Amino acid sequence: MRKLTTFWMLIMLCMPLAMMGGNTKTTVTQVTDSVAVTDNVDYIISGDTPFTDDGKVNIVNTDHAVLIINKVKPSVAISKWLKKVLINGEQAKNSTNCQVKLYKNGCVILPYGNTFKPLTTFTERNFEGESCNNYGLGNTGGYMNTLTTALLNNRIRSFKLKRGYMVTFSTLSGGKGYSRCFIAADADLEISELPAVLDQKISSYRVFKWYDAAKKQIADNLNSTVLNALRVQSSYTWGVGENKAPDYECIPNHIYEDWPSSSAIGEATWSPHTKNNNEPKNTADDHPQDLTTILNNWENMMRTGMRLCSPASWDGSDYWNATGFLAEFMDSIDARGWRCDIIDLHCYWTEGNFGNIVNWVNKYKRPIWISEWCWGASWNNNGAFASGVTQAQVKTALQNICSKLNSYDYVERYYYWNGEREISRVYNNGLTPAGEYYSSMNAPMAYNGKYDFVPTTPRQYGPSKFKTALTNGKMRLTWHDSNGEYNQLMEVQMKDSSGRWVVLDTIAQKETAANYTYDVANTDEAVNYRLHLIDLNGKEYFTSDELNAGDVVEVDGQVFYAGGNVLVNGEFDLGFTDWTNGQGNALTEPQFQVVGAGGYDGGAYLQAHLNGGMNTVSAVKKIVDLMPNQNYIFRIATINSGNYVKMALSPDGSTLVKEVGKATNGTSWNLERFVFNTETYDKGILSFYTLGAKAQIDAVELRQLFATREEALADDAVKSQLRVQAEETYNAQSTALIDRLARFATTLDAIKDRPCPGYDQMKDLLTQAQAAQTYQKKLDLVEQIQAMLDAHFAFTRSSKQPKYGSFAGEKSDGWETKVGTYKDGDQKATTKFGKTCWNAWWSTTSKTATMEIRQTVTGLPEGYYQLECKGTTEHFCISDQHGYLKSGNNEAVTPVMSKDFFDLPVSDVWETLKSTPIYVEPNGSLTLGFKSSKTNAHSSWWHSFGNASGSKDNREGWWCATGFVLYYHAIDDLTGISTPTSVLKPVNGFYTVDGRQMKETEYLKSGLYIKVENGQAKKVIIK
């Protein structure tokens, strides 16, 4: 794997915003005669009385010129002074041919009419190609608007945005995917070349009006008298808020999950910003929430398109050095490539501590909002709350603090908290001495754009599951890609007769993660094919990256050949097999977990969940035998590995003498190789420790290098035999096949009263499988039974379906909810990972607690039914979560959930579950549902991802479920079985559709027949 570091990639990823040349500024105290503004100018009136009787301003340049009146609020300008303004010769009328908006303590008049559309996009770079200007300021249910073909979906390459607006773009419909805000605050914004992550990938947009507020504001107060007295322009309350235009901007406040809901926040059109999650770690608050809960809804907050504040710190005192919960949140956001635009702090500090704010800026490169602050904290009895403090001292302290905050260009806004003891207040039935200063102080403009943060790119993966197979006279190539449209290139290559790789075809990429199939008109199985992929970050992947026995490895210009892998389970597809911890014992949960998807090649990988030194149970430590004075190659793929994932040489298997390879810490899969000579040492130690409860490890290889290919292949034969033995041991201990056999038994029991063709043979195969002594024999028989069942049951989507089976619109109509014994927790319809679903979360140690939802579907035709649904939960939270169908006393269940990927870095967290079939009588009914208990739950195993010391809250056994679908198999739809024809016996009474009676010596092929039985004829389809 190679890193592609082209100049183009660097330009596209690091590209600065292109602003139009800013207006010149002309300032007058008062307009005394007629003025025509024809240039690109901010025409500023600074006096208390902006116009004399003869004074008028005609904004002729309606493309770029604006009029700013420094000391007149928008409402006063509209009612008293707008008659003095012309727009290109026409009388100015607010919301007709101009916009009057707040501008610090005054107003700005923009020459935009009521049909004005501020956004223009183009299908080529540099504003060329087709263009579109039909983008309004609306939203879709509080979320971003999905682009249509006419609105240039997935075609935008450059754009222009007019001054006074913000636009947010995202890469998927409905505001999903990667998103970014672009702000044209004080000049038009023109982006001639979109960054690679957005270029020809934009599928959603939302345009907002921008408001030019100053830094100084007041918290939690929408009283216009107070706002006017303090000369502020912005505040918020504990909810969605209200429209305070034109003089004030009210910031919607998403206080906790999920209230007000993300859609309700998004429907608040009076600000482009939103506050989020008030002090979630404050246990004295009415809704303290953990990191996982907040992250689970953050994508919905991104979908609003609004400029997002982080969760508010718990007064900031725990985070002066940019560590703690808020840092965990920011790290999680950036690791996912998600968007959080502003860091929100609560600062109840003494004067000197305000200098620590810069630590947050240096670490996370974002602007700061201080949405609550005052001098000191009442609970610390300092600052304004110290004994004997006077109002004069409070005023002086505010002067000192505000001077600092005004000088910090990274502090965008600060909202004074006026709800503490009277001594600290700036308004108490009138301005206090501190309030008089606060009101008179002219704070700078809030936004300056310098600290706008470009969200990190989404995590990128290499292709996985690449296979070739001869199918229908063609060579079929199949693979899975997790990156979707973010890839720069995907192409199929073939090795020609000279041994060179040549490009066969460039593959059109799908918008989201998907499986691909590509057919080559070639039947020669000896021809080699591979996939070449370049991800968003420029990293190249080849599906032939794997190192196989006999492959050439060069060492100092000399050719060697790779032998077999010393490690029998380097890809962790055999669980913990052959891996030991720092104390020499087998790896176990909950210190580690083998996750079945999301690894370097898309398959299994090792996930660390705790953090400890080299000789602890939270570390991996494996000793291997080496040949002295030989060359070896060590390869390993990691994410978040820290600084202690390495291999070293040792004389005795305990002392690390010489390090020969160490993984590089990174936030995406990185495969590294290290070639070394063992010198005199005959032991090697692989030690992975201090893993930070989030390290991921995969594709570990250690191979000796040989002088000849024959020696290498001979070594591989020995290593392969060890692998086979390990597989046999692992499979013998696995219960997966036993579980499948149990489900087969349940299925056959369900159809015993109406046996299908081949029923007796399936029963016989089941008996044989249950008695089989080897794993392979058992597996062969299981596959035969499965093939026969698949052939018999021609399940199709039932015409009768449960209401709101996918909880569309976050509605649960038709469902009986909270029907388990546990009624509390967080049980509701919501949206998780892009799917509306039922969320059933608890925190309990009760062994008798259950959570359940259900509904009954009636009027069903006779036949067999099967339930399909999707479920997910967090790591180590699996207990017995499953779906079910009930008809009378009979019940069919899905397997218990096996994927606990909800909070792990895996692209698809949802698991599809299917029940065994169940029979329903004519005009029958079925009750379907999903439930869990604490059965098999591992109490206190869960803690938040990446936080080894995180609190444990007994959530094990919780779940989300959605996608409930009923499938139907008609009782008289007699179907054949997909086994060799010799297995099938002809049945008397069958006729072809043209009336010919079938002979007893004939076998039934797929097709339509007439079956005559008891004097009745009916159509029968043989599949």
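A: Start with a loop. P260 sits in the loop between β22 (253–254) and α4 (262–266). Keep in mind that this is a predicted model.

Q: What is the peptide bond from W259 to P260, cis or trans?

A: Look at omega. The bond from W259 to P260 is cis, with omega near -20 degrees.

Q: Which residues does the cis peptide bond with omega of about 5 degrees join?

A: That bond joins E589 and P590. P590 lies in the loop between β36 (558–565) and β37.

Q: Now helices. How are two packed helices described?

A: Two values do it: the angle between the axes and the distance between the axes. Take helix α6 (residues 325–336) and helix α7 (residues 357–364). Their packing angle is about 20 degrees, and their axes are 12 Å apart. That makes α6 roughly parallel to α7, because angles under 35 degrees count as roughly parallel.

Q: Which hand does the crossing of α6 and α7 have, and which residues meet?

A: The crossing of α6 and α7 is right-handed. From α6 come L326, A327, M330, D331 and D334; from α7 come W360, K363 and Y364. By class, the residues of this contact are five nonpolar, no polar and three charged.

Q: At what angle do the axes of helix α12 (residues 759–771) and α13 cross?

A: At roughly 160 degrees, and the axes come within 9 Å. α12 and α13 are therefore roughly antiparallel to each other, since angles over 145 degrees count that way. Their crossing is left-handed.

Q: Which residues make the contact of α12 with α13?

A: On α12 the residues are Q761, M762, L765, L766, Q768, A769 and Q770. On α13 they are K778, L781, Q784, I785, M788 and L789. Eight residues of the contact of α12 with α13 are nonpolar, four are polar and one is charged.

Q: How do α11 and α13 cross?

A: The axes of α11 and α13 cross at roughly 35 degrees and come within 11 Å. α11 passes α13 in a left-handed crossing. The α11 side of the contact has L737, I738, R740, L741, F744, T747 and L748. The α13 side has Y775, K778, L779, V782, E783, I785, Q786 and L789. The residues of the contact of α11 with α13 split into 10 nonpolar, two polar and three charged.

Q: Next, pockets. What volume does the second largest pocket have?

A: A pocket can be read by volume, then by lining. The second largest pocket has a volume of about 1,900 Å³. Its lining has 49 residues, and A736, D739, V896, S898 and E911 lie nearest its centre.

Q: Which elements each supply at least two residues of the lining of the second largest pocket?

A: They are β37 (592–595), α10 (709–733), α11 (736–750), α13 (775–792) and β53 (911–914). The largest share, six residues, comes from α11. By class, the lining of the second largest pocket has 23 nonpolar, 16 polar and 10 charged residues.

Q: And cavities: how many are there of 30 Å³ or more?

A: The count comes to three cavities of 30 Å³ or more. The largest cavity has a volume of about 50 Å³.

Q: Which residues line the largest cavity?

A: The lining of the largest cavity is R307, P367, D409, Y410, E412, A446, Y447, N448, G449, K450, Y451 and D452. Sort these residues by class. Five are nonpolar, two are polar and five are charged.

Technical notes: Residues numbered from 1 in each chain as written. Predicted model: local features only at pLDDT ≥ 70, side-chain atom pairs only at ≥ 80, totals over all residues. Heavy atoms only, no water. Axes fitted to C-alpha atoms, helices over the stretch in contact; angles between N-to-C directions. Helix = DSSP H or I, 4+ residues; strand = E, 2+ residues; numbered from the N terminus. Parallel < 35°, antiparallel > 145°, perpendicular 65-115°, else oblique. Left-handed = near helix turned anticlockwise from the far one by under 90°. Contact = heavy atoms within 4.5 Å. Nonpolar A, V, L, I, M, F, W, Y, C, P; charged D, E, K, R; others polar. 1 Å grid on protein atoms, 1.4 Å probe; cavity = no way out; pocket = protein on both sides within 12 Å on 5 of 7 lines; lining within 4 Å. Points joined across faces, edges and corners; volume = space filled by probe spheres on them.
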